[in-house]
Amino acid sequence: MTRDEILALVADILGGIAPEADIATVPGDADLRDALDLDSMDILNFVAALHERTRRPIPEADTPRLVTLNGVVAYFQTAGP
Amino acid sequence: MNPPVPSPSGNAAPLGGHARIVKPVAGGRVPPNLADYAATCRDFNWPAARALLDGLPGGRGLNIAHEAVDRHAAGPRADRAALRWIGRGRHRVFTWRELRDETNRVANMLQVLGLEHGARVFVLAGRIPELYLAVLGALKARCVVCPLFSAFGPEPIAMRLEIGEADLLITTEALYRRKVEALRHRLPRLRHVVLVGEAGATTELPGTLDWQRLMQAAGTAFTIPPTDPEDMALLHFTSGTTGRPKGAVHAHQAVVMHHVTGRYALDLHPDDIFWCTADPGWVTGTSYGIIAPLTNGVTNLVVEAEFDAETWYEVLERERVSVWYTAPTAIRMMMKLGRAALAGRDLSALRFMASVGEPLNPEAVLWGVEAFGMPFHDNWWQTETGGIMIANYAAMDVKPGSMGRPLPGITAAILRRDEAGGVDEVTRPMIEGELALKAGWPSMMRGYLREEARYRKCFAGEWYLTGDLAMRDEDGYFWFIGRADDVIKSSGHLIGPFEVESALMEHPAVAEAAVIGKPDPIAGEIVKAFVALKPGHEANEAMRRQLLGHARTRLGAAVAPKEIDFRANLPRTRSGKIMRRLLKARELGLPEGDISTLESDER
């Protein structure tokens, strides 16, 4: 996936979880929880949706890599298992 | 052993089915403070518990901050670490001596600002050092402290500032801009706002004062004025089924309970490194995230970052945490990650683990044994009780799924309300009723602020009624069943459905809204809303997102619904009350129970 495709996917998923959030305003390295007021349940739902939409298995231990936009992009730009 | 019992609230009570975890007769390397439960309960009395504290010098009363800070700063622990703060990329240590000086500055600053005895000081911040200094300094100045949760949205914040008649708000520049500034006009009573800048920077926002400048100008000498043990000290908001949030009032006297429960329920010893993961925006994070460890002379670890299992394990290992007080939602998230994440960690310092917030399921208690070599010790209390009331102790066998037995000095019972409005005690084991506590312990709430009628409703004769349904077994262990009302318990926080429904009703498309707690394997319950739209609005995904965004913007992520479903209309009683219970029973596929009062059903 390209960076733009990944960011579009993130925007769409977050639109269902935290529609008030505007990811265009979030710096790539900012923690999404702070920048967008997401709680841990939101992050859990976000990671579950990433898995559902990309069909890529995401081990629990990878969650900390998926809490910034740059982190998500890097994660999905590398070839999945 | 008993089979799991289904309950009216839909949660299977986690009863029986799990072997008890037997504790050794002689304690481990550190003998537990409460070694013999029966003997300690028999010998316990409140004057002796009070005598564990010093009181203000010269018999001038009892002040929480003196017991937490000044008495240790004047003693052999003066140069030991009192507060160890682990920030994002930074850390800071305050010895008791430093903590005394800095909290004295706060007390002086409040006097300069004209905040007299009894003035209401609200704090709204993440877990930053200034928050801890502000709370303790305000207690020294005999102000009333009310901590607010920083994940609240603007609406819950403004409403609590209004109800609590805030005189002063101490918050951060970022939170002020995002959550308070726009609603400031609603708070004419609020005299001052003090802002803490980002990473030590000063602030310059109109209508506010700068923390750093005020602190620099304030001296480090302060003598706590005479403090009546019954003086109001803390205000903690909680939620009921209906009406606005209630401000539970606690007195300085509560420190007797904070201290003694720190000893017995958390087994705090002088050399401990204690970590309470709760945010001070909730009562646990104040009673046990600030007060109890400090009164007990224990190093209090504060971690600024939000939950992340790897980070937490690293903290446990690096900081040599010996006593850890956390919550079911976090434990269940760690379980999901699996014990492999703990491989190679040296957690040899860890001695005791406790949990609070909602009942800890037996699997999670046992996972503690598997992953950490010891069970999580569940305990039970509420905002209104001010301190731990029922607990599992270091030296007492654990029955996984039980909240344990009452603290020494606390009498708990299972009651049934009778037709005449009185109550009867249920003495037969394993019969469901309302959990009640005999009134009169030091940290019992002294009232709900300006809500005398709601306060009185909590009592029947000598009993405080908790609103929780429970059972007691033949050994005196208590088992939680569910709430007697419609209050939602999500990630350990009580959420009043009315507050959420009111925010939804503010949206122009909403005709009716009802909010329930939907059982969730991680959070215990999540907030789920049912909404009926006004004519001319279509129930679709775009509308769902609009309402969700609306609710989150007003309420914040911790209170707003996680799910919204549409209905053509909602089930109501003849008197017009929405039947949340019926919505919940249907959501869970449970029997609908008595629906004789149902007037208009949902569609």
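**View 1. I390(B) has P406(B) as its bridge partner in β16(B).** The model shown here is predicted. The bridge belongs to the pairing of strand β15 (residues 390-391) of chain B with β16(B). These two strands run antiparallel and are joined by 2 bridges. β15(B) and β16(B) come at the end of the strand order β2-β1-β11-β10-β12-β13-β14-β15-β16 of chain B. This sheet has 9 strands, is open, and is mixed in its pairing. Its edges are β2 (91-95) and β16 (405-406) of chain B. Each edge strand has a single partner, so one side of each has no neighbour in the sheet. Which helix packs on the sheet by touching β13 and β14? Helix α13 (residues 362-372) of chain B does, meeting β13 (352-355) and β14 (376-380). The direction of α13(B) makes about 150 degrees with that of β14(B).

**View 2. Three strands of chain B build an open sheet, β26-β27-β28.** The pairing in this sheet is mixed. The edge positions go to β26 (510-520) and β28 (563-566) of chain B. Each pairs with a single strand, so one side of each is left open, with no neighbour in the sheet. On average, neighbouring strands are turned by 25 degrees against each other, direction ignored. β26(B) and strand β27 (residues 524-533) of chain B are antiparallel, with 10 bridges between them. Look for E512(B): the residue opposite it in β27(B) is A532(B). Helix α15 (residues 497-505) of chain B lies across β26 and β27 of chain B. Relative to β26(B), α15(B) runs at about 140 degrees.

**View 3. Helix α3 (residues 64-73) of chain B crosses helix α10 (residues 283-295) of chain B.** Two packed helices are described by the angle and the distance between their axes. Here the axes come within 8 Å and cross at roughly 60 degrees. That angle makes α3(B) oblique to α10(B). The crossing is left-handed. Which residues make the contact? From α3(B) come I64(B), E67(B), A68(B) and V69(B). From α10(B) come I291(B), L294(B) and T295(B). By class, the contact holds 5 nonpolar residues, 1 polar and 1 charged.

**View 4. Chain A meets chain B through 16 residues of its own, in contact with 23 residues of chain B.** Two helices of chain A, α1 (3-17) and α3 (40-54), each supply at least two residues of the side that touches chain B. Which of the elements gives the most to that side? α3(A) does, with 4 residues. The touching side of chain A divides into 7 nonpolar, 3 polar and 6 charged residues.

Note on methods:
Residues are numbered from 1 along each chain as its sequence is written. Chains are lettered from A and ligands numbered from 1 in the order in which they are written. This is a predicted model: local features need pLDDT of at least 70, side-chain atom pairs count only at pLDDT 80 or more; totals for chains, interfaces and linings use all residues. Two residues are in contact if their C-beta atoms, placed from the backbone, lie within 7 Å. Ala, Val, Leu, Ile, Met, Phe, Trp, Tyr, Cys and Pro count as nonpolar, Asp, Glu, Lys and Arg as charged, and the others, Gly among them, as polar. Axes are lines fitted to C-alpha atoms, for helices over the stretch in contact, and angles run from 0 to 180 degrees between N-to-C directions. Angles under 35 degrees count as roughly parallel, over 145 as roughly antiparallel, 65 to 115 as roughly perpendicular and the rest as oblique. A crossing is left-handed if the near helix is turned anticlockwise from the far one by less than a right angle, and right-handed if clockwise. Two strands pair if DSSP finds at least two bridges between them.
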